[in-house]
Amino acid sequence: MPRAKNTYHHGDLRAACVSAARELLEEDGGGALSLRAVAKRAGVSATAPYRHFADRDALVSAVAAEGYRELAEHLALAHPSPTTPADLAEIAIAYVRFALEHPALFRAMFAEPCDPEHEERSAATAAIWTYVHDLVHAVFPEAEPEALSTAVWSLVHGLAFLYLDGKLDATDTEEIAGRIRSTVRAMLTAGAAVERG
């Protein structure tokens, strides 16, 4: 007896699931995000997403990996070859703007449970860390790159979440940019003063 013909057809199921997941995240912040909801949004059977994602965490990891790649592109566009503290501040502004323009995606990248073994997410996260490390080293070649990279990323990331969580007013883009510039400058000035002391 011949096997039943598979009636499932989709050009790129994985991409459709990731796209549907991003739409759902933007709509409600992830509360209703499930593989079943993604299947419904993508117009495929309830079991179809399992062909690419073992569970919700794996799907969120794929969404986050896409977000990390987009963030890296966004930062590179802010300043392609930074060499000064002012350039570093402009990249910090771009980081916070990315978070504010894509709040659900940013939260999925940094606050959602994920699959720690997800290779794509791990590689994308490592690429962001390398970018920050190389950026800090280019601007401050004499500084200890690990510690300063961690400090810079922590500061900017913290600012992003303070704005996202409404702890800082995010209504005025110029005020946001000014606050980020002055905060980065204050951290770098204080750090230089400590090193001299």
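The model is predicted, so local features need pLDDT of at least 70 and side-chain atom pairs count only at pLDDT 80 or more, while totals for chains, interfaces and linings use all residues. Residues are numbered from 1 along each chain as its sequence is written, and side-chain values use heavy atoms, with hydrogens and water left out.

Two packed helices are described by the angle between their axes and the distance between the axes. Helix H3 (residues 56–78) packs against helix H4 (residues 85–101) at an angle of about 140°, and their axes are 9 Å apart. That angle makes H3 oblique to H4; angles under 35 degrees count as roughly parallel, over 145 as roughly antiparallel, 65 to 115 as roughly perpendicular and the rest as oblique. On the H3 side, Gly 67, Glu 70, Leu 71, His 74, Leu 75 and Ala 78 take part in the contact, and they meet Glu 90, Ile 91, Ala 94, Tyr 95, Arg 97, Phe 98 and Glu 101 in H4. Contact here means heavy atoms within 4.5 Å.

Next comes the histidine. His 118 sits in the loop between helix H5 (103–110) and helix H6 (119–139). With 12% relative accessibility, His 118 counts as buried (buried means under 20% relative accessible area, exposed over 50%, partly exposed in between, with a 1.4 Å probe and protein chains only). Leaving aside residues up to four places away in sequence, His 118 touches Arg 14, Ala 58, Ser 61 and Ala 62.

The aromatic rings complete the picture. Across the whole structure, a search finds five aromatic pairs; rings of Phe, Tyr and Trp (its six-membered ring) pair if their centres lie within 6.5 Å, and planes under 30 degrees apart count as stacked, over 60 as edge-to-face and the rest as tilted. In one of these, the ring centres of Phe 106 and Phe 161 are 5.4 Å apart and the planes stand at 45°, so the pair is tilted. Phe 106 belongs to helix H5 and Phe 161 to helix H7 (residues 145–164), so the pair ties together parts that are 55 residues apart in sequence. Phe 106 is buried, at a relative accessible area of 0%, and Phe 161 counts as buried at 16% relative accessibility. Trp 129 and Trp 153 form a stacked pair, 6.0 Å centre to centre with 25° between the planes. Finally, Tyr 68, Tyr 95, Phe 106, Phe 110 and Phe 161 form one aromatic cluster.

Notes:
Axes are lines fitted to C-alpha atoms, for helices over the stretch in contact, and angles run from 0 to 180 degrees between N-to-C directions. Helices (H or I, at least four residues) and strands (E, at least two) are DSSP runs, numbered from the N terminus.
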